[in-house]
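The sequence and the structure come first.

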Amino acid sequence: MIATPLVTIGLPLYNAQRTIAEAIASVLGQTYQNWELLIMDDGSSDASGGIACGFNDARIRWISDGQNKGISWRLNQALDLARGEYFCRMDADDMSFPQRLQVQVSALQADSTIDLVASSVMTFTSGLDITGVIEVATDHAVICARPWNGFHFPHPSWMGKTSWFRQFRYVSQADGAEDQHLLYRAFARSRFHGIPEVLLAYRDDRQSFRKLLSRRLRFWKVFMMEACRQRRYRDALIVSLRQPAKIAADLLFMFGGIRAARNRLVPPGEQQVAAWHALRAIIRSRQI
């Protein structure tokens, strides 16, 4: 292991044998190399462990206790083990563009008042077709202007101060909306910054409506509870009025393929498409 990695990448995993090799290969292809990768197994029963451990790199650690405890528990476990000054999020079915760590580290080091950064992300299907780009706002005030509408700050693209993550930590009762719950608890005492550059490729296949509905309801519940705890009753009222509309938008997407009422996707530019093909080539060259 690197004696003092600057960046700890926390990657929770559950039965991800189809995609974990690509995720790891994209980390190995980073231009910035002072990192450790903690792969937090959440009780997988497939070949994920064998695939992850097949990568011969001392910076990669496979951590497994055979139990299923949920994403928040695993991320907090990674935070407890993290040796890096910065903590970086990633999921087992996504891929990081080669410059991701370098750009995000540079942004955090350039301004010590920033606690957390996220980037724009490219969305793609399991068939490797690009579906668009989700852009992020750069300014904290804009990012946090409508907390009751959710923070458009893609969770798998986060990197921030490890000390900040340890201050706020994840809450298992919010699993399914753990990122939004954390941001809502933290935004008034933190500073977020968005990086317009696309640094992450996010797998966005259609999920079952039951799973989408479960996530919407979980967000609704935990947001309401936290808003009331903070006595932000206006936020609680607005989210209760908006969530039914978002559930309707999910229905339109699932059964009609209509995205207009969901997160707005921007068509990728030529350079972004070229970067996607370059990323795919890097991953092919680094997979075991």
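Among contacts in the protein between residues at least 6 apart in sequence, what percentage join residues at least 24 apart? The share is 78%, where contact means heavy atoms within 4.5 Å.

The model is predicted: local features need pLDDT of at least 70, side-chain atom pairs count only at pLDDT 80 or more, and totals for chains, interfaces and linings use all residues. Residues are numbered from 1 along each chain as its sequence is written, and side-chain values use heavy atoms, with hydrogens and water left out.

**Overall form**

The protein has 10 helices and 9 strands, taken as DSSP runs numbered from the N terminus (helices: H or I, at least four residues; strands: E, at least two). Its radius of gyration, 18 Å, is close to the 19 Å that the globule rule gives for 288 residues, so the protein is as compact as a globular protein of that length. The radius is taken over C-alpha atoms, and the rule is 2.2 Å times the number of residues to the power 0.38. The C-alpha trace spans about 50 × 40 × 40 Å along its principal axes.

**Burial and cores**

Of the 288 residues, 52% are buried (under 20% relative accessible area; exposed is over 50%, partly exposed in between; 1.4 Å probe, protein chains only). In helix α1 (residues 20-28), 9 of 9 residues are buried, including E22 and S26. By contrast, S163, placed in helix α6, is exposed, with a relative accessible area of 52%.

A nonpolar core is a set of buried Ala, Val, Leu, Ile, Met, Phe, Trp, Tyr and Cys residues joined through side-chain atoms within 4.5 Å.

| Core | Residues in core | Some members |
|---|---|---|
| Largest | 35 residues | L116, F151, W158 |
| Second, separate | 32 residues | L6, L37, Y86, I195 |

The structure holds 1 cavity of 30 Å³ or more. On a 1 Å grid over the protein atoms alone, a cavity is a set of points where a 1.4 Å probe fits but cannot get out; lining residues have an atom within 4 Å of a point. The lining consists of I9, V27, Q30, C88, M90, S96, R100 and L101.

Methods:
On a 1 Å grid over the protein atoms alone, a cavity is a set of points where a 1.4 Å probe fits but cannot get out, and a pocket is an open set with protein on both sides within 12 Å along at least five of seven lines; lining residues have an atom within 4 Å of a point. Grid points are joined across faces, edges and corners, and a volume is the space filled by probe spheres set on the points.
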